[in-house]
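Hi,

Here is the structure I promised to pass on. Have a look at it first, and then read my notes below.

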Amino acid sequence: MGRKKVNSQEHFGGPCHLLSPANKPMPLNPLVKRHIKRSLEYIAAHFGPHRWPSKEPKLWVLMYHRVLPADAPEMQDAEPGMVVTPETLDLHLKLLSQWAEPVFLEDWLARSAAGESLPKRAVAITFDDGWVDNYQHAFPVLKAHNFPTSIFLVSDWIGTPQMFWPERLARILRIASQLPKDDAWLNTVLGADFQHGKAPSRKQLAFIFARCKQWDDLAIHTKLDDLSNRLQLPPPETTTLLNWEQVHEMQASGIIRFGSHTRRHIRLNEELSAELAHTEICASQSLLEQKLSRPVSLFCYPNGDHSPAAVQEVREHYLGAVTTKRGINDLHTPPHQLFRVGVHNDVSSNAISFMAKLSCWL
Ligand SMILES: [Zn+2]
């Protein structure tokens, strides 16, 4: 099974500090830090590129994952940086409707490919993974604003109790009364600072997930299957993903369209075989088209990983695809490597912080 080196600092960056005269790091006072952050957000929100007049059409593609009320029990196993509350989503849609023209991503791409005119400032909303909370908590808000939206589904997992491996692992760490101390894989991913008998903090969880990414997705699921069997854990009480009935109801509303996010949420990196990449990219599209009775023209790379071979395969079968790279799209952006702006509650729960995100400066 593939294992690759991951530098966790690449994912989470180092601590913010100044250098003292003796060149020793001097931590910033939290109040000063907050004040600097707010000032930078204010500048970005009011003077960033999203405020500049443009002669060329520009497209912002927003990336969401989960929508959960602040007190939802699901919050305890949710991966950090993945959630907005329904209130925050409502605020975002209100602000976006005033600032740009909402579009379906596939419509913008089709009009761009045909050389048709496009709005100078367009915004497309996307949700990754097909969480059931998209139906429960996002759909009512999207309907209220009549906001065109694309949801990327993991085709083989719709209507199943399957969970993504970060939530599976978080749940195991939360409910297992005792974890084995002799499991080399578990010890590696938990890290030296993990304390048995104490639930990991959200920050610790983020580092644990980053360490897991040394293994390929199917290998991680196999490890978690073994661990769950060994610990004799009960199956989860609730499902986390959408079912076909919910998908069909959302499609019938006319404001939600669906794209592919592979068959089993497999990262399409260099280590993946061409054969496996092909089936994840193409079989997911065939299944979705058959179930939805309409063409599926958009693709979303799991975890943002996209090898050149995967991009080529996606280019042959889809009109466009989204990455997790931050940026603003224009007519020169490759349609199969579109930029997005990732938003979640910790960084966009008020108007200033949200508009600052659209600048792509912070
Ligand atoms: Zn995903």
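**What I found**

Let's start with R230, which counts as partly exposed because its relative accessibility is 49% (buried means under 20% relative accessible area, exposed over 50%, partly exposed in between, with a 1.4 Å probe and protein chains only). Before going on, note that this is a predicted model, where local features need pLDDT of at least 70 and side-chain atom pairs count only at pLDDT 80 or more, while totals for chains, interfaces and linings use all residues. Residues are numbered from 1 along each chain as its sequence is written, and side-chain values use heavy atoms, with hydrogens and water left out.

Back to R230: its partner in a salt bridge is D182, with the closest N and O atoms 2.9 Å apart (a salt bridge is a side-chain nitrogen of Lys or Arg within 4 Å of a carboxyl oxygen of Asp or Glu). R230 sits in helix α9 and D182 in the loop between α6 and α7 (184-190), 48 residues apart (helices are DSSP runs of H or I with at least four residues, strands are runs of E with at least two, and both are numbered from the N terminus). D182 has 60% relative accessibility, so it counts as exposed.

The count comes to 14 salt bridges. Another one joins R267 and D217 at 3.1 Å, N to O. Here R267 is in the loop between β9 and α11, and D217 is in helix α9, 50 residues away. Both of these residues are buried. There is also a network of salt bridges that links E106, D107, R257 and R294.

Now for the metal. Which residues hold the protein donors of the zinc ion? They are D129 (OD), H261 (NE2) and H265 (NE2), lying 2.1 Å from the ion (donors are N, O and S atoms within 2.8 Å of the metal, or 3.2 Å for Na, K and Ca; water is not among the atoms, so sites may look incomplete). D129 belongs to strand β7 (residues 121-129) and H261 to the loop between β9 (256-260) and α11 (274-292), 132 residues apart. D129 and H261 are buried.

Last, look at L358 in helix α14 (residues 351-359). L358 is buried, because its relative accessibility is 0%. Leaving aside neighbours within four places in sequence, its contacts include W60, L62 and I328 (contact means heavy atoms within 4.5 Å). G48 is 310 residues from L358 in sequence, yet their C-alpha atoms are 7.9 Å apart.

Cheers
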